[in-house]
Amino acid sequence: MSPPTGETVPAYADVVVPRHLHRSFTYAIPPVLQGRVRIGTRVLVPFGKTTLQGVVITLSAMPPELPHARRRAGGPAPLQVKSILALAAADEGDPLTPDVLELTRQVSDRYLTPWGQCLRLVLPSRPTRLTAPKYALAPLDTSPTRATLRLSPIARTLLERLAGAPKGLSLATLQGNVTGPVAATLTSLKRRGLVREVESDTLEPSPRRRSRAPQGTRTKSLERSLFETMAVGTLAGTFQRPSWWDRFTQALDARPHAAFLLEAAFPQRLAALIEACEETQHRGRSALILVPEIARATLLSATLRTVGIARVEVLHGGLSPTQRAEVWRRLRGPQPAVVIGTRSAVFAPVAEPALIWIEEEEDSSFKEERAPRYHAREIAQVRARHHGAALVLASAHPSLETLHAIGSGAPPPVDLTRAPHLQIVDLRHSPRGVVLSEALLAGLNAALNAETQAILYLNRKGFAPALLCQECGAAPRCARCSATMTVYRRAGSLLCHYCGGSMPMPETCPTCLAPRLEPVGFGTERVEGELRRVFPRARIARLDAETTPAPARAEAFRRQFRAHDLDILIGTQMLFQGTPLPSVGFVGLPHADAGLHLPDFRAAERVYHGLLDAMALARPAGEGGRVVLQTYVPTHHAIRAVVAGDPSVFREQELAFRQALGYPPFMHLISLRVTGANSRRVKAAAERWAALLWSAGGRTPAAPAPRAGMHPGFIVLGPVASHVAQLRGKHRWKLLVKSADPEEGRRIVRATLDELEGRKKVSGLKFEVDVDPVEMI
């Protein structure tokens with residue numbers, strides 16, 4: 001399309017490429033592409049010795065000028081600019097819109113990640129076709145007479161094979177049937193005009209992949225099982241509109257951005273979500289729903305379709321590249337849709353969504369672990385503000401950051417009639433090494449006799465977290481990491497939960513050679529062993545990463561439990577994933593405070609939420625529901641809040657601690673890490689980074705700003721060796737930046753990062769930045 005008369009045709013484009021570079025690159029637009037390159041267009045550009053796909057972010061009619069220091073006395077020197085090679089992915093729709101480009105730029109600025117790396121978040125992955133060339137006989141009118149040619153026995157055998165296969169045969173097939181240098185002989189036959197390559201077919205999946213059920217079949221089976229457990233028809237009777245519902249519907253009409261917090265159990269949240277989607281579609285607008293896991297996305301999509309919600313789209317990492325690209329294409333159309341997806345779906349091309357709903361907003365899986373390390377909840381807030389959408393943060397136990405930001409006032413009253421009977425067992429008064437107390441065993445026995453089933457929750461895998469030498473106190477550690485290895489007695493091995501390395505169970509201490517090695521603590525495997533010893537006739541299963549490495553296997557255990565084919569189910573956090581489990585007569589918490597003492601300021605919050613989820617699986621006391629909670633610290637505010645059934649007991653104490661120590665939601669954090677193979681270089685680089693940070697913040701470590709009753713605006717902690725000081729052979733040192741002003745904190749970190757990465761002798765070192773970290777270990 002030609003530009004209007006008199007309009008200047010852009011001749012140069014600034015392009016960002018997917019490299020760790022905080023800048024764009026200028027390329028000339030060749031005549032053949034002028035008028036076709038626009039802002040947001042994906043292009044192929046030369047970059048060094050390779051070709052990259054980039055995105056155009058600005059256009060200009062004038063060439064860029066050289067920096068002042070490189071200009072000649074007579075004026076700016078001419079600059080040799082490489083040209084764009086071609087348009088990329090022309091079959092994938094229109095260029096990226098300005099809104100989408102702006103969103104990726106904000107992600108880049110917020111999470112201190114090069115813009116080019118952020119653009120991949122809004123580009124659907126292209127289908128990868130694995131193809132194998134096929135060979136067929138050349139047409140008789142173009143090939144020499146074969147009878148007159150001198151051919152080797154292998155060549156004649158190949159020609160005979162190809163004569164019986166008009167559509168051609170692949171190299172692998174021919175190599176399986178003919179002995180000898182098949183590939184070289186085919187090359188010779190092609191050169192002599194006897195054989196030609198024909199259009200190849202897509203490679204068949206490997207036998208292992210072929211033996212698995214198709215993705216669609218597994219998804220449909222999961223949808224049916226999930227829907228059967230939800231009893232959707234009864235949800236309307238249980239739904240009580242929250243106090244803010246009128247303001248929510250007004251926000252859908254008037255389109256001012258507004259944020260709402262829904263603190264309720266899952267059935268009530270699901271009923272509210274259904275009605276919110278109905279309200280949105282009634283207005284002819286779209287909704288975006290984020291969930292923490294694929295199984296929950298499948299559940300919600302099946303449920304919404306069943307109750308009559310139109311055009312429900314699912315977008316998550318379990319889709320193939322082809323499926324994902326097709327969903328992406330459909331969402332670019334004009335029809336409103338309800339999009340349900342996991343973390344990455346926050347970037348779905350939903351035009352002007354009226355509703356953005358985040359289910360289980362406190363879940364850590366909404367935080368991306370690789371650069372750009374974005375948090376889907378924060379990006380959803382950015383999109384909601386931009387589109388004037390209503391944002392609903394839903395959870396049974398919201399994060400303290402959300403509670404502080406939105407402010408729900410007093411927590412919803414606890415319905416004591418629905419609470420189970422709770423018994424506390426103080427393990428400080430129990431014999432040393434006890435795993436299952438008499439009270440817990442009695443509760444299990446009663447549930448088995450009443451056939452009401454039982455669940456035991458312990459968020460610790462393996463038989464024991466460590467194997468300790470009773471002579472020298474040492475514990476075997478991973479050879480590639482500095483982490484203590486977990487005991488798996490059934491497998492007879494020690495396993496590293498960080499790199500996956502393993503070693504046989506040693507008979508003597510690797511440090512002092514003493515034979516006095518004893519497991520310390522206990523995990524789900526040990527609990528299972530104790531239960532099988534005490535209740536040999538009970539049907540017991542364990543739900544953790546060792547026994548159920550695949551979601552389908554975990555779902556099979558859940559189906560068995562719902563069908564009452566299991567009496568006792570032991571599990572980690574996986575108990576709360578996938579299909580919701582039915583309520584049971586007994587819930588046991590063998591080590592309720594496991595995880596409380598990890599070096600992470602969110603440790604208590606995670607433990608508290610896990611205990612609440614576990615207790616929610618018990619029936620009400622009036623229906624025989626009972627919970628036994630074993631703990632070494634019954635006075636901890638997380639345990640006291642569970643016992644009292646009062647969330648404010650935990651929230652008030654935890655917020656007071658965080659305010660006193662300067663943690664979110666009162667201060668903003670940026671976690672920094674230096675990794676490398678040379679421990680001395682890693683430590684020196686971390687110390688250099690700390691010095692740059694203090695200098696950029698206007699202070700020195702020896703003379704920080706006076707506190708005056710509150711935290712200074714900028715604090716640097718460290719450097720220190722990471723909790724796992726060596727991971728997969730790489731040494732790791734970390735720093736933590738606290739800032740009262742998030743923009744100022746990011747500005748300082750970016751300036752120091754640019755200086756570090758711009759210095760010489762940084763090869764072999766990696767500088768990692770995690771803004772608003774979720775995991776501190």
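**Buried positions, backbone exceptions and helix packing**

Gln453 counts as buried, at 4% relative accessibility (buried is under 20% relative accessible area, exposed over 50%, partly exposed in between, with a 1.4 Å probe and protein chains only). Gln453 lies in the loop between helix H15 (438-450) and strand E16 (helices are DSSP runs of H or I with at least four residues, strands are E runs with at least two, both numbered from the N terminus). Gln453 is not a glycine, yet it has a positive phi of about 65 degrees.

The model is predicted; local features need pLDDT of at least 70, side-chain atom pairs count only at pLDDT 80 or more, and totals for chains, interfaces and linings use all residues. Residues are numbered from 1 along each chain as its sequence is written, and side-chain values use heavy atoms, with hydrogens and water left out.

The chain contains 22 helices and 29 strands. Of its 777 residues, 47% are buried. Among contacts with a separation of 6 or more, 73% link residues 24 or more positions apart (contact means heavy atoms within 4.5 Å). The accessible surface of the chain is about 38000 Å² (Shrake-Rupley method, 1.4 Å probe). Carbon and sulfur atoms contribute 53% of that surface.

Glu352 sits in the loop between strand E12 (338-341) and strand E13. Its relative accessibility is 36%, so Glu352 counts as partly exposed. Gln453, by contrast, is buried.

Cis peptide bonds were found at two prolines. One joins Ala371 and Pro372, with omega about -5 degrees. Pro372 is in the loop between E13 (353-359) and helix H13 (376-387). The other runs from Gly718 to Pro719, with omega near 15 degrees. Pro719 belongs to strand E27 (residues 714-727).

Two loop residues illustrate pairings across the sequence. Ala464 occupies the loop between E16 (454-457) and strand E17 (466-469). Ala464 is buried, with a relative accessible area of 0%. Leaving aside neighbours within four places in sequence, Ala464 is in contact with Thr486, Val487, Pro519, Val520, Gly521, Phe522 and Gly523. Val527 is 63 residues from Ala464 in sequence, and their C-alpha atoms are 9.8 Å apart. Pro124 lies in the loop between helix H2 (115-119) and strand E6 (134-137). Pro124 is also buried, with a relative accessible area of 8%. Its C-alpha atom is separated by 9.2 Å from that of Thr322, 198 residues apart along the chain.

Helix packing was examined for two pairs. Two packed helices are described by the angle between their axes and the distance between the axes. The axes of helix H19 (residues 637-644) and helix H20 (residues 647-661) come within 8 Å and cross at roughly 160 degrees (axes are lines fitted to C-alpha atoms, for helices over the stretch in contact, and angles run from 0 to 180 degrees between N-to-C directions). H19 and H20 are therefore roughly antiparallel (under 35 degrees counts as roughly parallel, over 145 as roughly antiparallel, 65 to 115 as roughly perpendicular and the rest as oblique). Their crossing is right-handed (the near helix is turned clockwise from the far one by less than a right angle). H19 contributes His637, Ala638, Arg640 and Ala641 to the contact, and H20 contributes Val649, Phe650, Gln653, Glu654 and Phe657. By class, this contact has five nonpolar, two polar and two charged residues (Ala, Val, Leu, Ile, Met, Phe, Trp, Tyr, Cys and Pro count as nonpolar, Asp, Glu, Lys and Arg as charged, and the others, Gly among them, as polar).

Within H19, His637, Ala638, Ile639, Ala641 and Val642 are buried. The buried residues of H19 pack against strand E15 (421-426), helix H18 (603-615), strand E25 (626-631) and H20.

In the second pair, the axes of helix H10 (residues 266-282) and helix H11 (residues 294-306) come within 11 Å and cross at roughly 55 degrees. H10 and H11 are therefore oblique to each other. This crossing is right-handed. The contact involves Phe266, Leu270, Leu273, Ile274 and Cys277 of H10, and Arg296, Leu299, Leu300, Thr303 and Leu304 of H11. By class, the contact of H10 with H11 has eight nonpolar, one polar and one charged residues.
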